[in-house]
Amino acid sequence: MTSSRINLMLALTLAVALIAALTLGEVGLDGAQYAQAFADPASGPGLILWQVRAPRAVCAGVVGAALGLSGALMQGLLRNPLAEPGVLGVSATASLGGALVLVAGAGMVTGAVELAAMAGAGIGAALLVAFAARIRAPEALILFGVALSSFAGAATALIFNLSPSPIATAEVMAWLLGSVQNRGWGDVLWVSVALVPAAVLAGLSAPGLKALSLGDETARTLGLPLDRLRVLALIAASLAAGAAVATAGVIGFVGLVAPHLVRASVRADPGRVLVPSALAGGLILVVADMMTRITPTDQELKLGVFTALVGAPLFALIAWRAARAWRV
Amino acid sequence: MASTPRLKIEGLSVSRGRRTVVHDVNLSVMPGDLVALVGPNGAGKTSLIQAVCGLMKPDSGLVQLDGADLSTLGPRDRARALAYLPQDGTVAWNLPALEVVALGAAFLEPDGARARAMAALEEVEAGALADRGVAELSGGERARVLLARVLASEAGLILADEPVAGLDPEGQLLVLERLKARAAAGQTVVASLHDLSLAARFADRVIVMDRGEVRTDGPPAQALGPTILRDVFGLTGHWLDGEDGPVLTLKRL
């Protein structure tokens, strides 16, 4: 299958999932009410459809796309199929950035949490790339990511620990669990504002990711401005991961699973895997968000909790396969 | 000599950490030469090759490609001038062999790169592997694909670090025959080799390195003389007349 066909197929499936997500909600709407919602967006059903369900579903889609893109970029940059913002601590450093701003009371300043989360993601990703350039063993990178994740987690916990305001703490906690509940069009706009430049930079860095398949040293001799491409990919991955965390908190494993699902369809090319990974990430998160809503629990399941419950076993499976590949 | 050397190295010293691994190396290699770089483990062969590729920053000295200082060449010009085949042949993803080979000519348009890649795969008798994923290939097949990658670059200088390590005898001969053919066609090949017999058989010139220094440099029979074999390698050798030229047989002291 060509990559444009897989992209088209994924985009169509994503569209179907988004439409399906519009039909789900606490209030059941009948045919007449849907008609009313379309005819008059300011009516009750119109508000439910266009101001509650639609932004939530689209938000899940763009956050998922950001995570899928970020995961694919990090996997290409680090030449590691286990790389993804959640596993390697980039979500944790992004959370730390966001938490610092929230606890400092600057949460209401437009864009402050988002920018702090992106900066946190950037620092985390830069540390990973610096580590990967020196240590070749792919397993060592995962261990470094675990350390980074634990450290950023501990620093975030320290903020809770020292925070004088239990309300601020609860606010940050709720955000960190990961959710797109009650997200509006403004949130969608924020992720999209970061996702568009991230996608452009990612596209520009694609030839560099392919060259990096041969290893750092060989890639340097292939005639590409590798350092520049690597920086572009790094910025793109950080923008996407930071925007996702700022908007929806920590949602793990989407960045791991999305590239994994589509890699074979683009013959493993780390450049061509970017677009289908973003689309698959969006699809996964829209479907996962629907699952959290139809799961009958008293408190609605948090999206981040749900993806971790499903994603962690998948991570173990992919790690098992990758470890066997590294041994040969 | 009238023509410009393809590769000229003057007073090159390179360190890894605090240790000097290449010390004051001078040499020049002409177009059409196949030079074998030999020496025990840790002699500095890989470091020398990497310094010529621009992958290690020299402490001092000069590297020139076709008369141009290496440090003045941009990445694209450098890729056209030299191709590097590293010892470690891992490819991170299961890319099709043809795509891996085409990376050797990544400075061309994709179609041009693929055309060269296909020709290079056929040159190493691996045309049938073009669509196979590299992770599914045997070690020998993958070595051919990676060799094809440097051949596809058509660079003036090919630097190959242990290109026959881990290959079966047929694979070793194939790799060296192809490199020899490219040298005969006017490219320059510098290959580090552990097998002195293969070096003696295929190289026009052998450079013996030991502890970061060039111990001797000359035609195989001269460079791999009794003193060097004894002092550098701890071996004794006999030169025999073989069907394809002189053959070196070796024994431990």
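In this predicted model, helix α2 (residues 31-39) of chain A packs against helix α3 (residues 44-78) of chain A, with about 75° between their directions and 7 Å between their axes. On the side of α2(A), the contact is made by A:Gln33, A:Tyr34, A:Gln36 and A:Ala37, while α3(A) contributes A:Pro45, A:Gly46, A:Leu49 and A:Trp50. Sorted by class, this contact has five nonpolar and three polar residues, and no charged residues.

Most residues other than glycine have a negative phi. A:Asn182, however, has a positive phi, near 60°, and A:Ala268 also has a positive value, near 65°. The former is found in the loop between α7 (166-176) and α8 (185-212) of chain A, the latter in the loop between α11 (254-262) and α12 (274-294) of chain A. Their surroundings can be judged from the count of neighbouring C-beta atoms. A:Asn182 has 10 other C-beta atoms within 10 Å and is therefore exposed. A:Ala268 has 22 other C-beta atoms within 10 Å, so this residue is buried.

Chain A meets chain B in a contact that takes 19 residues from chain A and 24 residues from chain B. On the side of chain B that touches chain A, the elements giving two or more residues are α2 and β6 of chain B. Of these, α2(B) gives the most, with five residues. The class composition of this side of chain B is 16 nonpolar, three polar and five charged residues.

Within chain B, six strands form an open sheet of mixed pairing, in the order β6-β7-β8-β3-β9-β10. Its edge strands are β6 (82-85) and β10 (213-218) of chain B, each of which pairs on one side only. From one strand to the next, the twist averages 15°. Helix α1 (residues 45-53) of chain B packs on this sheet and touches β3 (34-38), β6, β7 (157-161), β8 (188-192) and β9 of chain B; the direction of α1 makes about 150° with that of β7(B). Helix α5 (residues 139-153) of chain B also packs on the sheet, touching β6 and β7 of chain B, and its direction makes about 175° with that of β6(B).

β7(B) and β8(B) pair in the parallel sense over five bridges, and β3(B) and β8(B) pair in the parallel sense over four bridges. B:Ser192 in β8(B) takes part in both pairings: B:Asp161 has B:Ser192 as its bridge partner, and B:Leu37 stands opposite B:Ser192. In contrast, strand β9 (residues 205-210) of chain B runs antiparallel to β10(B), to which five bridges join it. In that pairing, B:Val206 stands opposite B:Gly218 in β10(B).

Strand β8(B) is largely enclosed by the rest of the structure, because five of its five residues are buried. In a regular strand the side chains alternate between the two faces of the sheet. Accordingly, the buried residues of β8(B) can be listed by face: B:Thr188, B:Val190 and B:Ser192 lie on one side, and B:Val189 and B:Ala191 on the other.

Helix α5(B) is mostly covered as well, with twelve of its 15 residues buried. Among them are B:Val145, B:Leu146, B:Leu147 and B:Val150, together with B:Arg142, B:Arg144 and B:Arg149. The cover over the buried residues includes α2 (75-81), β6, α3 (97-102), α4 (110-123), β7 and α6 (169-184) of chain B. The length of α5(B) can be checked in turn: at 1.5 Å a residue, its 15 residues should span 21 Å, and the end C-alpha atoms are 22 Å apart, which agrees. Just after this helix, B:Glu154 takes a positive phi of about 55°.

A further residue of chain B is found in a loop: B:Glu243 lies between β11 (235-242) and β12 (245-252) of chain B. B:Glu243 has 5 other C-beta atoms within 10 Å and is therefore exposed.

Key:
Residues are numbered from 1 along each chain as its sequence is written. Chains are lettered from A and ligands numbered from 1 in the order in which they are written. This is a predicted model: local features need pLDDT of at least 70, side-chain atom pairs count only at pLDDT 80 or more; totals for chains, interfaces and linings use all residues. Two strands pair if DSSP finds at least two bridges between them. Axes are lines fitted to C-alpha atoms, for helices over the stretch in contact, and angles run from 0 to 180 degrees between N-to-C directions. Two residues are in contact if their C-beta atoms, placed from the backbone, lie within 7 Å. The expected span of a helix is 1.5 Å times one less than its number of residues. A residue is buried if 20 or more other C-beta atoms lie within 10 Å of its own, exposed if 12 or fewer, and partly exposed in between; C-beta atoms are placed from the backbone. Ala, Val, Leu, Ile, Met, Phe, Trp, Tyr, Cys and Pro count as nonpolar, Asp, Glu, Lys and Arg as charged, and the others, Gly among them, as polar.
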